[in-house]
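Here is a note for a colleague who is opening this structure for the first time. Please keep the sequence and the 3D view side by side while reading the points below.

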Amino acid sequence: MLLQKYFKVFFCLLAVLCLNAGISHAQSLLLKPDRVFDGEKMLATGTVVVVEDGKVAYVGPESGAKVGKNTKTMTLPGQTLLPGLIEGHSHVLLHPYNEVSWNDQVLKESIAERVARATVHLQKSLEAGITTMRDLGSEGAGYADVGLRTALEKGVIQGPTLLVAGPAIVATGSYGPKGFHDGVTLPLGAETADGHDDLIKVVRDQIGKGADLIKVYADYRWGLNKTAAPTFTLGELKLIVEVAESSGRQVVAHALTKEGMRRAILAGVKTIEHGDDLDEEIAKLMKEHGVALCPTLGAVEAIASYGGWKKGMDTDTDRIEKKKASMTLALTSGIDILFGGDVGVFSHGNNVYELELMNEYGMSSLACLQSATSLNAKVFGIDDKVGKIDKGLVADLVVVEGDPSKNISDLRKVKLVVQGGKVVVEK
């Protein structure tokens, strides 16, 4: 009898705990900022946003908002609410090269150390307002990025939702680490594949091991005198795209040279990463084929600074001049320009650095915001979930002090990050 009484009390307590957990999970938010950027435009003054069950439930005047008794109201004076930022080109398993060279990270840091670092990197990016991140290559860490994505999904660690490429695909002989005698066998920073059967097998294997997308190096620094030159033939690139697309996956291409870009565009890749040698012919081809450019300005300026270049004091390096010219051409040609700085080359959490450079190189603050939200979501095929503040979409949101549509650097003043309807960062 006494045992039955104890069981009854236990189950009553369990029921209360479950009920409280359910209330906590279902708690709604009423967010009342000074201004709202919905991913495309600034909304009317007085706009509020209601979040329920992890999604946006309402966007509009406060008079039309329906909230329950458990709703948490957050008044945000002087602040702007916008969709969570979408980082388009990152390497969560890398850290700045002025700390440790790329070669030494690949050859000397254990996978355990690199994953430990990556968990910190992910948290820093989340705190910077990045709620979704496209990670374009594990750089010698195999499928550790897939494991990190799984850990995020299970709630083991915190960070942006990841879209991962696993190891990028490179042509034999093209990628590093290099410079050792031919008797030394080294782990590479990517996976080699060549020819019809091998390419099909490697792409399918990467898909099977969990890659969300396929990244290929359409060119690399393996030309004469270590200049960038195409790696794969047009036929090989078309085959990679054909196999990937049959599984519903996109292919993105590292491409700096005109010929590397041309082959990648004609093969059907979704985005060109870097695009240093963009010219009118290639820009027109990108426009015709609906291919977007991810210029990665931050990485180039960061690498120049590691070599001693001082911004605002020294003459721009040749590559920085190329970047400025390619951005000017991209803007005038009307091709889609994505936010993605190659973060990892420079410090995680400093993601907004790329948007500041995009703005400095001629892109309006509003266009930069669109790039980091609705445009990236559309190009990456996730606009049915994120990228805008709209009823029914996932409540990935960021609140910053100031007005980034007028001063892009206000994105650095993060006050609140909401991911999947839950407040994950509050400052």
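1. Helices in this note are DSSP runs (H or I) of at least four residues and strands are DSSP runs (E) of at least two, both numbered from the N terminus. On that basis the chain, which is a predicted model, has 12 helices and 18 strands. The radius of gyration of the chain is 23 Å, close to the 22 Å that the globule rule gives for 427 residues, so the chain is as compact as a globular protein of that length.

2. Along its principal axes the C-alpha trace spans about 80 × 60 × 40 Å, and buried residues make up 52% of the 427 residues. Of the contacts in the chain with a separation of 6 or more, 68% are accounted for by residues 24 or more positions apart.

3. Strand β2 (residues 47–52) pairs with β3 in the antiparallel sense over six bridges, and Val51 has Val56 in β3 as its bridge partner. Between β1 and β2, which also run antiparallel, there are three bridges, with Leu31 opposite Val49 in β2. On the parallel side of the account, strand β1 (residues 29–36) is joined to strand β4 (residues 72–83) by seven bridges, and here Val36 stands opposite Leu81 in β4.

4. An open sheet of three strands, paired in parallel, has the order β5-β6-β7. Its edges are β5 (85–90) and β7, each with a single partner strand, so one side of each is left without a neighbour in the sheet; the twist averages 15 degrees from one strand to the next. Four bridges join the parallel strands β6 and β7, and Arg134 stands opposite Leu163 in β7. Helix α4 lies across β6 and β7, and runs at about 155 degrees to β7.

5. Helix α3 deserves a check of its length. At 1.5 Å a residue, its 17 residues (residues 111–127) should span 24 Å, and the end C-alpha atoms are 24 Å apart, which agrees. The buried residues of α3 are Arg114, Ala118, His121, Leu122, Ser125 and Leu126, and, seen down the axis of α3, these fall within an arc of 130 degrees, so they line one face of the helix. They pack against α2 (102–108), β6 (130–135), α4 (144–153), β7 (161–164), β17 (414–419) and β18 (422–426). After α3 comes Gly129, whose phi is positive, near 95 degrees.

6. Leaving aside its neighbours within four places in sequence, Lys124 is in contact with His348 and Gly349. Lys124 and Glu113 are 11 residues apart in sequence, and their C-alpha atoms are 17 Å apart in space.

7. Gly260, Met261, Ala264, Ile265 and Ala267 are buried in α7, and, seen down the axis of α7, its buried residues fall within an arc of 160 degrees, so they line one face of the helix. The elements against which they pack are β11 (219–220), β12 (229–230), α6 (234–245), β13 (251–255), β14 (271–274) and α8 (280–289). Following α7 is Gly268, with a positive phi near 105 degrees.

8. Is Thr296, a loop residue, buried or exposed? Thr296 is found in the loop between β15 (292–294) and α9 (297–306), and at 1% relative accessibility Thr296 counts as buried, because buried means under 20%. Leaving aside its neighbours within four places in sequence, Thr296 is in contact with His89, His274, Lys323, Gly340, Gly341, Asp342 and Glu354.

Terms used
Residues are numbered from 1 along each chain as its sequence is written. This is a predicted model: local features need pLDDT of at least 70, side-chain atom pairs count only at pLDDT 80 or more; totals for chains, interfaces and linings use all residues. Side-chain values use heavy atoms; hydrogens and water are left out. The expected span of a helix is 1.5 Å times one less than its number of residues. Buried means under 20% relative accessible area, exposed over 50%, partly exposed in between (1.4 Å probe, protein chains only). The arc is that of the directions from the helix axis to the C-beta atoms. Contact means heavy atoms within 4.5 Å. Two strands pair if DSSP finds at least two bridges between them. The radius of gyration is taken over C-alpha atoms; the globule rule is 2.2 Å times the number of residues to the power 0.38. Axes are lines fitted to C-alpha atoms, for helices over the stretch in contact, and angles run from 0 to 180 degrees between N-to-C directions.
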